[in-house]
Amino acid sequence: MRVGFGYDSHRFAPGRRLVLGGVEIPHEQGLDGWSDADVIAHAVIDALCGAASLGDIGRLFPPGDPRYRDASSMRLLASVAGMVAAAGFDIVNADVTVIAEQPLLKTHIPRMQQELGAAMGIDAALATVKAKTNEGMGFVGRGEGIAACAVVLVETKKG
């Protein structure tokens with residue numbers, strides 16, 4: 001068994017959709033980034049890359065590469081899940097904490113878990129998402145952006 005940890009953060013930007021865990025969330029601003037800037041998916045991607053020794057999201061999907069402009073981070077996650085399998089591992093579970101002062105995410109979490117599970121080929125119950133605030137501290141606390149941390153467990157394929 002191997003464990004990977006991932007982190008991502010993006011600042012808010014006007015004129016962008018807010019996508020978290022593959023779910024578009026109504027909000028006056030989205031997150032700035034080369035792809036759709038889904039911090040949840042990006043944190044999980046980096047965690048999977050770490051667990052399977054695949055590098056990191058920036059190496060696999062470089063910012064500035066026109067192939068990934070406004071790309072769906074869930075498609076990128078599904079691609080990385082395929083790379084994890086090709087490297088000889090099964091994904092056991094993923095656990096994500098998203099840190100945001102706003103918007104409130106509680107009602108969106110079940111769909112996020114469904115989307116994450118589908119992209120990784122695991123049951124949604126094994127792709128947990130928790131939402132926390134930063135109690136008014138730092139860039140997240142000031143409402144300037146959103147961050148996410150993820151930990152994943154993979155195991156060597158049997159047989």
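Here is a friendly conversation about a predicted model of one protein chain.

Student: What share of the residues counts as buried?
Tutor: A residue counts as buried when its relative accessible area is under 20%. Applied to the 159 residues of the chain, that cut-off gives a buried share of 47%.

Student: Among contacts with a separation of 6 or more, what share comes from residues 24 or more positions apart?
Tutor: A contact here means heavy atoms within 4.5 Å. Among the contacts with a separation of 6 or more, the share from residues 24 or more positions apart is 72%.

Student: How many Å apart are the mean positions of the positive and negative charges?
Tutor: The chain carries 15 positive and 18 negative charges.

Student: Is Cys49 buried or exposed, and which cysteine has the sulfur nearest to its own?
Tutor: A search of the whole structure finds 0 disulfides. Cys49 is accordingly in no disulfide, and the nearest cysteine sulfur is 16 Å away. Cys49 counts as buried because its relative accessibility is 1%. The cysteine with that nearest sulfur is Cys149.

Student: And is Cys149 buried or partly exposed?
Tutor: The boundary for buried is under 20% relative accessible area, and exposed means over 50%. Cys149 has 24% relative accessibility, so Cys149 counts as partly exposed.

Student: Which residues does His108 contact, leaving aside neighbours within four places in sequence?
Tutor: His108 sits in the loop between β5 (89-99) and α4 (109-120). With 18% relative accessibility, His108 counts as buried. Leaving those neighbours aside, the residues in contact with His108 are Val23, Ile25 and Pro26.

Student: Which residue does a cis peptide bond join to Gln102?
Tutor: Look in the loop between β5 and α4, where Pro103 lies. The cis bond has an omega of about 0°, and the partner of Gln102 is Pro103.

Student: What is the phi of Ala37, and is Ala37 buried or exposed?
Tutor: You can find Ala37 in the loop between β4 (30-31) and α1 (39-51). Its relative accessible area is 0%, so Ala37 is buried. Phi is positive here, in a residue other than glycine, with a value near 65°.

Student: What about Asp70: where does it lie, and what is its phi?
Tutor: Asp70 is placed in the loop between α2 (57-60) and α3. Asp70 is partly exposed, because its relative accessible area is 48%. Asp70 is a residue other than glycine with a positive phi, near 60°.

Student: Finally, how many Å apart are Gly82 and Asp65 in space?
Tutor: Gly82 belongs to helix α3 (residues 73-86). Gly82 is partly exposed, with a relative accessible area of 39%. In sequence Gly82 and Asp65 are 17 residues apart, while in space, C-alpha to C-alpha, the separation is 21 Å.

Technical notes:
Residues numbered from 1 in each chain as written. Predicted model: local features only at pLDDT ≥ 70, side-chain atom pairs only at ≥ 80, totals over all residues. Heavy atoms only, no water. Buried < 20%, exposed > 50% of the residue type's maximum accessible area, 1.4 Å probe, protein only. Lys, Arg positive; Asp, Glu negative; His and termini not counted. Charge placed at Lys NZ, Arg CZ, Asp CG, Glu CD. Helix = DSSP H or I, 4+ residues; strand = E, 2+ residues; numbered from the N terminus. Disulfide = S-S within 2.5 Å.
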